[in-house]
Amino acid sequence: MCPDSRSDATDILTLLGDKYVQSILVATTTTPKSAKELSDELGTARLTIYERTEQLVAHDLLVERTRIVDDGSHHSVYEANVEHLDIDLDDGRFQVSVETRDTPASRFTNLWSDIREA
């Protein structure tokens, strides 16, 4: 993902400056976690977790997946999607480039999307 407009770069930089966003990304780097797990681990209100995860998913910095529990119920879990981040200052503006993880699940999702669009 490479934002083309100044507002996209500013949005991502502002988002990454948020302490809750940073904590969520760090916490979900190794293991996908639910909003409840994140809330408990970070000592943060669940509403705050939901707001930040929604923003992170919208900017493709976090992936939302479904976890199915043994009893058949299911809930969303979140996993960091950032592999590498570059910030450049060029011609009086910021350029933000985000390299996302290429997991088997994301490759399958992309393949399925391509099939459906064909």
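Colleague: Before we start, what should I know about the numbering and the values?

Modeller: Residues are numbered from 1 along each chain as its sequence is written, and side-chain values use heavy atoms, with hydrogens and water left out. This is a predicted model, so local features need pLDDT of at least 70 and side-chain atom pairs count only at pLDDT 80 or more, while totals for chains, interfaces and linings use all residues.

Colleague: Which residues touch the most other members of the largest nonpolar core?

Modeller: A nonpolar core is a set of buried Ala, Val, Leu, Ile, Met, Phe, Trp, Tyr and Cys residues joined through side-chain atoms within 4.5 Å. Buried means under 20% relative accessible area, exposed over 50%, and partly exposed in between (1.4 Å probe, protein chains only). The largest core has 18 residues, and those touching the most other members are Leu25 and Leu56.

Colleague: Why do the buried residues of α3 lie on the same side of the helix?

Modeller: In α3, the buried residues are Ala35, Leu38 and Ser39. They lie on the same side because they cover an arc, taken from the directions from the helix axis to the C-beta atoms, of only 100°.

Colleague: Which elements do those buried residues pack against?

Modeller: Packing here goes by contact, meaning heavy atoms within 4.5 Å. By that rule, the buried residues of α3 pack against α2, α4 and β2.

Colleague: How far apart are the closest N and O atoms of Lys36 and Asp40?

Modeller: A salt bridge is a side-chain nitrogen of Lys or Arg within 4 Å of a carboxyl oxygen of Asp or Glu. Lys36 and Asp40 are four residues apart in helix α3, so about one helical turn separates them. Lys36 is partly exposed, with a relative accessible area of 44%. In their salt bridge, the closest N and O atoms are apart by 2.8 Å.

Methods. Helix = DSSP H or I, 4+ residues; strand = E, 2+ residues; numbered from the N terminus.
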